[in-house]
Amino acid sequence: MKRVLLTILASIMCAFTPAKKEAWQKGLAIVEFNAKFNESNTFADIEKLSDVRKFTIWVDDYPTIQEQEGIMSVPSLVLYQNGKEITRWEAGISLRLGVDYMNIQREIDKITGADKF
């Protein structure tokens, strides 16, 4: 009985991760990985980015996602195209991202072709 309950609990804890991951498997998406202890260093400018779908994943809520995606520090921003990682930006020892949203937007524009206009 204990084993059954643990199996059910484990599947519930991991159930959302694949669904969420499927969401960034199609098209161009940027995912911010962060931890709740570092919530004050959330990348607020993510909302300014255009032509990309945006997601935030709290690694505390999905313990396996950090290892699956190779997240070494929080916050980290990862740009995916059809589920394939294009580039990433990671926080340093300050636990803050040292990247301006315009640099990220330039990367997005290269992929979408918006830099041609």
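## Basis of the description

In what follows, a residue is called buried when its relative accessible area is under 20%, exposed when that area is over 50%, and partly exposed in between. The model is a predicted one.

## Helix H3

Helix H3 covers residues 101-112. In this helix, Ile-104, Gln-105, Ile-108 and Asp-109 are buried. Viewed down the axis of H3, the buried residues fall within an arc of 145°, and therefore they line one face of the helix. The elements covering the buried residues of H3 include E1, E3 and E4.

With twelve residues at 1.5 Å a residue, H3 should span 16 Å, and the C-alpha atoms at its ends are 16 Å apart, which agrees. At the N-terminal end, H3 is capped by Asp-100, which places a side-chain oxygen 2.9 Å from the backbone nitrogen of Met-102. After H3 comes Gly-113, with a positive phi near 85°.

Strand E1 comprises residues 28-34. Seven of its seven residues are buried, so E1 is largely enclosed by the rest of the structure. In a regular strand the side chains alternate between the two faces of the sheet. Both faces of E1 are covered: one side carries the buried residues Leu-28, Ile-30, Glu-32 and Asn-34, while the other carries Ala-29, Val-31 and Phe-33, which are also buried.

E1 pairs with two strands. With E3 the pairing is antiparallel and has six bridges; here Ala-29 has Tyr-80 of E3 as its bridge partner. With E2 the strands run parallel, again joined by six bridges, and Asn-34 stands opposite Trp-58 in E2.

## Nonpolar cores

The largest nonpolar core has 14 residues, and those touching the most other members are Trp-24, Val-31, Phe-33, Ile-57, Val-59, Ile-65 and Tyr-80. Two or more residues of this core come from each of E1, E2 (53-58) and E3. The greatest contribution is that of E1, with three residues.

Another core, of 13 residues, lies apart from the largest one; Ile-30, Phe-43, Leu-97 and Ile-108 are among its members. Ile-108 is one of the buried residues of H3, and Ile-30 belongs to the covered faces of E1.

## Backbone details in the loops

Most residues other than glycine have a negative phi, and most peptide bonds are trans. Which peptide bond in this model is cis? The bond in question joins Val-74 and Pro-75, with omega about -5°. Pro-75 is located in the loop between helix H2 (63-68) and strand E3 (76-81).

Two residues other than glycine have a positive phi: Asn-82, near 55°, and Leu-95, near 60°. Asn-82 occupies the loop between E3 and strand E4 (84-90), whereas Leu-95 is in the loop between E4 and H3. Are these residues exposed or buried? Asn-82 counts as exposed because its relative accessibility is 52%. Leu-95, with a relative accessible area of 28%, is partly exposed.

Key. Residues numbered from 1 in each chain as written. Predicted model: local features only at pLDDT ≥ 70, side-chain atom pairs only at ≥ 80, totals over all residues. Heavy atoms only, no water. Helix = DSSP H or I, 4+ residues; strand = E, 2+ residues; numbered from the N terminus. Buried < 20%, exposed > 50% of the residue type's maximum accessible area, 1.4 Å probe, protein only. Core = buried A, V, L, I, M, F, W, Y, C linked by side-chain atoms within 4.5 Å. Expected span 1.5 Å × (residues − 1). Arc of directions from axis to C-beta. Contact = heavy atoms within 4.5 Å. Polar contact = N/O pair within 3.5 Å; in protein donor to acceptor, adjacent residues only side chain to side chain. Pairing = 2+ DSSP bridges.
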